[in-house]
Amino acid sequence: MTKLRLAIVGAGPAGIYAADLLIKAERSFDVSIDLFDHLPAPYGLVRYGVAPDHPRIKGIITALREVLDRGDIRFFGNVRYGVDLTLADLNKHYNAVIFATGAIRDASLDIPGIDLDGSYGAADFVSWFDGHPDVPRTWPLTAREVAVLGNGNVALDVARILAKHPDDLLPTEIPSNVYDGLLASPVTDVHVFGRRGPAQVKFTPLELRELGEIPDVDLVVYDEDFDLDPASEAAIATNKQVMVINRVMNQWRTRPAGTASRRLHLHFYARPVEVLGDDGAVTGIRYERTRPDGAGGVEGTGEIRELPIQAVYRAVGYFGSPLPEVPFDERRGVIPNREGRVLDDHDEVVPGVYATGWIKRGPVGLIGHTKSDAMETLSHLVRDGANWWTPASPDEESIVELLDERGVVFTTIDGWHHLDQYELALGAAAGRTRIKVVPRDEMVAVSNQTPEV
């Protein structure tokens, strides 16, 4: 084998890192890599899963752009795996495929009332405020008091966007329809609930600090949540990140009561047990006070409290989605695999099929962790040459011809440059950095410079 034709399904950080690392790896064969994504633009989670007021995190796009701009990896956007392109198609045109489709669904939370009107998944809300083309343009922002369930960075993103005044988001790339929606929100109080204590949160210090810096929003913590057990004290003493988080929250405890028009409350040792409702709509949250169990977890105290709210967002994790003709673990929400080699129902390796990123290991870790994850998968891919597919039509132009024959209007990296410049120009005209284009057909038209633009 003198050349590897590789397809990667998913053009977010996981897919792009995998392509880049393979290009740079020591190997005895040439490579030709095509990236496919169902979205018209690349970068996946960084474009559609990171809050718009996090420009430092979105700086990862700069590194990803450099990879794609080299010209040694092709990008095919607006191509839906399982619809426009099948596993049989990939087998015909490539030696192997890596699935890097991530995890975009909300994990479930099995408590009474979670399906009431006014109860939402955080992932859906994030997709809306990030301008994902496949979600509705509007969001029902009618609640004065809101609960956010979870103690990770996504929970903080959701709480911050809900509590923040929309004009403070104008320097970001927030889409116009999102700004208009947030402008009409009557919210006054956002409550974040975590079942464990302040020393066990999954926030990063940067995310946490930002909460205390939001203009005209008071940050409220409660003294009863800071009676620490020995395990929490040990975590603070031995883990620098936990120490910083503890210091930040204790500083908030000393702040005088504020007079801001909005409040963001952090509740710890609070396990939601039921979403309350009336006439099918959310009216409150019922939660149980917990306490440390002495083994690093928590246990219930039996003390039940209630709080009036009119909307609830569950931010308890993401979950992967099954792909046509690809094995899937319904319990864990991942493609079953052994170090990136996909496994069938009999726990046997499926030749030529690999996985990387969140669809491989679950939605844990930060974006940068996908590099080491990709290296593990690629180490097997490189050594598996004897088990690669033998494509009937490996010519690089054959996949373009196939998409054209099927009428698939795909986008390329040059098309992304057109869209990128268009969004920047929209922003400049409004005195902003960027205004993101939301409708899919408009994204495709701008990318391909078709007459509709």
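A search of the whole of this predicted model finds two cavities of 30 Å³ or more. The largest cavity holds about 50 Å³ of space. Its lining is made up of Pro140, Leu141, Thr142, Ala143, Val146, Leu162, Ser185, Val187, Ala311 and Tyr313. Sorted by class, the lining of the largest cavity comprises eight nonpolar residues, two polar residues and no charged residue. The second largest cavity has a volume of about 30 Å³. Around the second largest cavity stand Val9, Phe36, Val79, Arg80, Tyr81, Leu85 and Leu90. Six residues of this second lining are nonpolar, none is polar and one is charged.

Strand E7 covers residues 145-149, and Val146 is among the residues that line the largest cavity. The strand is mostly covered, since four of its five residues are buried, that is, under 20% relative accessible area. Strand E7 pairs with strand E8 (residues 189-193) in the parallel sense, over five bridges. Within that pairing, Leu149 stands opposite Phe193 of E8. Strand E7 also runs parallel to strand E14 (residues 311-314), to which four bridges join it. Here the bridge partner of Ala147 is Val312 in E14. Two residues named in the cavity lining, Ala311 and Tyr313, have numbers that fall within the range of E14. In a regular strand the side chains alternate between the two faces of the sheet.

Strand E1 belongs to an open sheet of seven strands, arranged in the order E3-E2-E1-E4-E18-E17-E16 with mixed pairing. The edges of this sheet are formed by strand E3 (73-76) and strand E16 (337-338), each of which pairs on one side only. Helix H13 (residues 370-383) lies across E1, E4, strand E17 (341-343) and strand E18 (349-355). The helix runs at about 145° to E18.

Two or more lining residues come from each of helix H1 (13-24), helix H2 (45-48), helix H6 (122-129) and helix H12 (358-361). In the lining of this pocket, 23 residues are nonpolar, 15 are polar and two are charged.

Helix H6, one of the elements that contribute to the pocket, is itself mostly covered, with seven of its eight residues buried. The buried residues of H6 are Ala122, Ala123, Phe125, Val126, Ser127, Trp128 and Phe129. An α-helix has 3.6 residues a turn, so residues three or four places apart point the same way. After H6 comes Gly131, which has a positive phi near 75°.

A further sheet, open and three-stranded, has the order E11-E12-E13 with antiparallel pairing. Its edge strands are E11 and strand E13 (298-308), each pairing on one side only. From one strand to the next, the twist averages 25°. Eight bridges hold E11 and E12 in their antiparallel arrangement. Across this pair, Arg271 stands opposite Glu288 of E12.

Where do residues other than glycine adopt a positive phi? One case is Asp279, whose phi is near 55°. Asp279 sits in the loop between strand E11 (270-278) and strand E12 (281-292). The residue is exposed, with a relative accessible area of 77%. A further case is Glu325, which is not a glycine and has a positive phi of about 65°. Glu325 occupies the loop between strand E15 (318-319) and E16. Glu325 is likewise exposed, and its relative accessible area is 55%.

Conventions. Residues numbered from 1 in each chain as written. Predicted model: local features only at pLDDT ≥ 70, side-chain atom pairs only at ≥ 80, totals over all residues. Heavy atoms only, no water. Pairing = 2+ DSSP bridges. Contact = heavy atoms within 4.5 Å. Axes fitted to C-alpha atoms, helices over the stretch in contact; angles between N-to-C directions. Buried < 20%, exposed > 50% of the residue type's maximum accessible area, 1.4 Å probe, protein only. 1 Å grid on protein atoms, 1.4 Å probe; cavity = no way out; pocket = protein on both sides within 12 Å on 5 of 7 lines; lining within 4 Å. Points joined across faces, edges and corners; volume = space filled by probe spheres on them. Nonpolar A, V, L, I, M, F, W, Y, C, P; charged D, E, K, R; others polar.
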